[in-house]
There are 2 protein chains.
Amino acid sequence: MALRFHCGRWLGAALIFTAVTAWPLAAQEFSPFRPLPTQPPYPKDNPPDEAKAALGKQLFFDRRLSSSQTLSCNDCHNLLAGGEDGRAIPVGAEGRRGERSTPTLWNVGFYTVYNWYGSARSLEEQLRVHWLAPEAMAMPESSQVLGRLKKIPGYRRQFEQVFGREQGVSFHNAVKAVATFLRTLVTTDSPFDRFLQGDETAISAQARRGFDTFVEVGCAACHFWVNLAGPVPGLAFEMGEGFYELFPNYPGTEYEKTFRLAADQGRVNVTKLPSDTRMWRVPTLRNIGITAPYFHNGSVATLPEAVAVMAKTQLDKTLTDEQIEEIVAFLDSLTGRFPEITLPHLPQVENQPFTLDR
Amino acid sequence: MALRFHCGRWLGAALIFTAVTAWPLAAQEFSPFRPLPTQPPYPKDNPPDEAKAALGKQLFFDRRLSSSQTLSCNDCHNLLAGGEDGRAIPVGAEGRRGERSTPTLWNVGFYTVYNWYGSARSLEEQLRVHWLAPEAMAMPESSQVLGRLKKIPGYRRQFEQVFGREQGVSFHNAVKAVATFLRTLVTTDSPFDRFLQGDETAISAQARRGFDTFVEVGCAACHFWVNLAGPVPGLAFEMGEGFYELFPNYPGTEYEKTFRLAADQGRVNVTKLPSDTRMWRVPTLRNIGITAPYFHNGSVATLPEAVAVMAKTQLDKTLTDEQIEEIVAFLDSLTGRFPEITLPHLPQVENQPFTLDR
């Protein structure tokens, strides 16, 4: 069941909300912000493994695993940039436009639910669905993903090495490998992380003022904890998994007309529960400075504008230009250090063109 | 002026031809084959430089530098695989089909002339033309490439660091940077290289027999020297730059009908000299085992078939299946060790979506 932070229906929410907004910056003993750990939690049935992550990286960059063989995961979730495509709305392997803006994959392992609606309860579930989604990788059936993998001897060998000869190559193992790779996409050591670790000079005075405002006006009620995306690990389930209602304050405002952000009713589309109307998963703010455009429909082009929209329609606050600049400076301090990723080498079909028959 | 190996019009050609075909395998003192050096020759006005190569790598992977912002150099010259796209014919930034198959960029720095027609006399010239070619990157004018680069503050800073504050960002400097990156794409240490360096066990007995046949039947008359692509550095100009006439022997054969390889008349298209009719630049055989499909129109899907076609139509030899398998084993021994390339991080437009306005 979802939690509506704005009305404080749930005790847990009220407690966290109070703790976050009343949090004195000096008393860092209980801070709702945490430096990003170097690795996210791994599920028990898919533990970390270097060879598995390396295989997952290959699959992530391999266009042959989309229906038209023209799209790899990386083509929308671009790891050469902010982990997404810079477009409002993505275009899938069959040229079909998606319905919501591509979320970044950097630090994706710190979520507890996946996609804008939060309809997938694990990264693995999200990958299984997305691989077959007509607007994304568009493979008609998981058996066809398997069929393509089996045509590539290098992959067959690697799957057997990673998952054992008996299990070997399978769709579910491919999903596990990609998820394992995605959990390595962690951007630690942002200026804000260094600030949290006690380096007062890591962020500018302007960013520090922005951070204060960010907390004071209430942004931190949703955007807190390691990923500035809400859910506290362990508390996630009880906390309604960090969903929030988008734009409770101003249906019918200028913003709504300009950006049509309420045209999509959010999580209710998948749960069909009226209480999930306009509810959305809280997205991470890490690396937000390099993942424009913003919101689920990518309608807002710049970060200052996104901050103004959120403050007004979410919190009923009108920020000054100076306050917005300060908050943007704080948000820019959330851009982390990107790990070095070596280009994977994709195995060939033996004595055949690199492409596969459809 | 072009050289026709098959008729031996030129003394230089005759000498090399004789040297190559009469070359006793034991006498490696004068071998027309050479292990691949770790770095190709660099032009005086574009010397090697690490920061320049790093910038060139970013540009190489940056889709924003094609007209539609959907195509990077790497999208056709895929360095995650054989350095090309695995297709018969590429598709450019505007969805336009190219006319000739994408050549691999691995070891491209060892050529003395560029593209299938050999119409570009430097890598830099080839890049300048290709960036603006409607069937490739399709930028209408070099000034528009410059305009896009200038919109990205990170690039502006890097260009100034690499080329100096006065020169800074320019189309020609972008070309120089990409060319510098391309010259780092060297796949040394193939089994055949180790064999040439004296390790008799580096290639199989089958591959060794294939190599003997390769030399005996005359393949090595064109495919020799470091890149198995002909031209001897320094001799290149006098040698007519390693052009050869494609399929002198069997115009009108079954192969011609099946693969339509003579539909394109080659270098004459650019020089307009009748003597250049059906003349083509000799392509490298390095990594040939992973760059199917083959020939300038990508009409031949597999390497065994490509070997049979070449032997018959080029040299008037009908090889047995066993000989073909042996030659393929030799050719597979030309697949080198691919250098580790780290994923570049592409700079952002400040406070804007990653994409640029067209």
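The model is predicted, so local features were kept only at pLDDT of at least 70 and side-chain atom pairs only at pLDDT 80 or more, while totals for chains, interfaces and linings use all residues. Residues are numbered from 1 along each chain as its sequence is written, with chains lettered from A and ligands numbered from 1 in the order in which they are written.

At the interface, 28 residues of chain B are in contact with 28 residues of chain A (C-beta atoms, placed from the backbone, within 7 Å). Chain B brings 17 nonpolar, 9 polar and 2 charged residues to this contact (Ala, Val, Leu, Ile, Met, Phe, Trp, Tyr, Cys and Pro count as nonpolar, Asp, Glu, Lys and Arg as charged, and the others, Gly among them, as polar). The copies meet through the same surface, because 100% of the interface residues of chain B are also interface residues in chain A.

Within chain B, Leu303(B), Pro304(B), Val307(B) and Ala308(B) of α12(B) meet Ile324(B), Ile327(B), Val328(B) and Leu331(B) of α13(B) (helices are DSSP runs of H or I, at least four residues, numbered from the N terminus). By class, that contact has 8 nonpolar, no polar and no charged residues.

How values were computed:
Contact = placed C-beta atoms within 7 Å. Helix = DSSP H or I, 4+ residues; strand = E, 2+ residues; numbered from the N terminus.
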